[in-house]
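Hi everyone, thanks for coming. Let me put the structure up on the screen, and then I'll walk you through a few parts of it.

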Amino acid sequence: IKKQNLELQNESLYKDIQIKNLDDEIDLLKNTQLSMNNLNRICEMALLETQLKQTDVRKHVLDSEKGIIADRVENEILVVTTHDINAKFGVDLKQVLVREGKDNQLIISGIKSKYIGSDRNISDVKISEIREIKYKNGLISNKSVLYDKANIQRANNYAQLYETEYQKRLSDGLESNFLDEAVVKLSQNFISVILAPLKKEISFENNSTEEGVPIFDYLNSEIEAKQKEKIRIQEERNN
């Protein structure tokens, strides 16, 4: 009987230790989850901040027709705009995927550079004009800027259109793709640090893949699994 009681005590003590370890792991996961939620805002604010000074030159023929004196007359638009932007780049952690590999490994994918916004975005139109170009025998015989009200308004409309297109390219990351590698590297460092308490080997896949679950879902599932395991052990101990 004494031997049976001792075995039961030892088994109960072992389960208490298991429960304590699970409590520690759950707290660790919850702290990591909280840090990831906070980091999501931090990354969007200032993971990488840089000043962009760019000049956008747009020049092309709008229309062409046969002339009376000239062989051909073309109307050409020319818009030159400078951009001074304090741009911020980060990563959308909701798009980051996690899956478990072999030997206690976490494989992270889906890290992409994202333009977050700017607190300074100044565009200055240096030139906005429509030019009339006359050709004779295949050569330019005369070039002049059209200053009438209709063509001034037409040039301004094109300048606004090109500004909208530029801002769209900026938002899509097409004006800053030279920064992509740096942003991705910073993102990997951030994620490595924040997931370090999980004590798993972390590796990154640069290729786009749909394998894995969002990093927030992964942490939630890990917490739920640990909590279920804790309840199971508690019930075994009580029984």
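So, how many salt bridges does the count come to? The count comes to 14, where a salt bridge is a side-chain nitrogen of Lys or Arg within 4 Å of a carboxyl oxygen of Asp or Glu.

Before going on, a word on where this comes from. This is a predicted model, where local features need pLDDT of at least 70 and side-chain atom pairs count only at pLDDT 80 or more, while totals for chains, interfaces and linings use all residues. Residues are numbered from 1 along each chain as its sequence is written, and side-chain values use heavy atoms, with hydrogens and water left out.

Okay, salt bridges. Have a look at Lys-53 and Asp-84, whose side chains meet at 3.3 Å, N to O. Lys-53 sits in strand S1 (residues 48-66) and Asp-84 in strand S2 (residues 72-90), so this pair links distant parts of the chain, 31 residues apart. When I say strand or helix, I mean a DSSP run, numbered from the N terminus: E and at least two residues for strands, H or I and at least four residues for helices.

Buried or exposed: which is Lys-53, and which is Asp-84? Lys-53 counts as exposed, at 60% relative accessibility, and Asp-84 counts as buried, at 12%. Here buried is under 20% relative accessible area, exposed is over 50%, and partly exposed is in between, with a 1.4 Å probe and protein chains only.

Asp-84 has another partner, too: the side chain of Arg-120 meets it in a salt bridge at 2.5 Å, N to O. Arg-120 is in strand S5 (residues 114-136) and Asp-84 in S2, so the pair ties together parts that are 36 residues apart in sequence. Arg-120 itself is partly exposed, at 36%. Put together, Lys-53, Asp-84 and Arg-120 are linked in a network of salt bridges.

One more pair: Glu-165 and Arg-58, with side chains meeting at 2.9 Å, N to O. Since Glu-165 lies in helix H2 (residues 149-171) and Arg-58 in S1, this one ties together parts 107 residues apart in sequence. Glu-165 is partly exposed, at 29%.

That brings us to H2. This helix has 23 residues and reaches 33 Å from its first C-alpha to its last, close to the 33 Å expected at 1.5 Å a residue; the expected span is 1.5 Å times one less than the number of residues. What do its buried residues pack against? They pack against S1, S2 and S5, and among them are Tyr-162, Tyr-166 and Leu-170. Just after H2, Gly-173 takes a positive phi of about 85°.

Now over to the sheet. Four strands form an open sheet in the order S7-S4-S3-S8, with mixed pairing. Strands S7 (201-204) and S8 (213-214) stand at the edges with a single partner strand each, so one side of each has no neighbour in the sheet. Two strands count as paired if DSSP finds at least two bridges between them. S3 (residues 97-100) and S8 run antiparallel and are joined by two bridges, and Leu-97 has Pro-214 in S8 as its bridge partner.

Last stop, Gln-105, in strand S4 (residues 105-109). Gln-105 is buried, at 18%. Leaving aside neighbours within four places in sequence, Gln-105 is in contact with Arg-99, Glu-100, Glu-201 and Ser-203, contact being heavy atoms within 4.5 Å.
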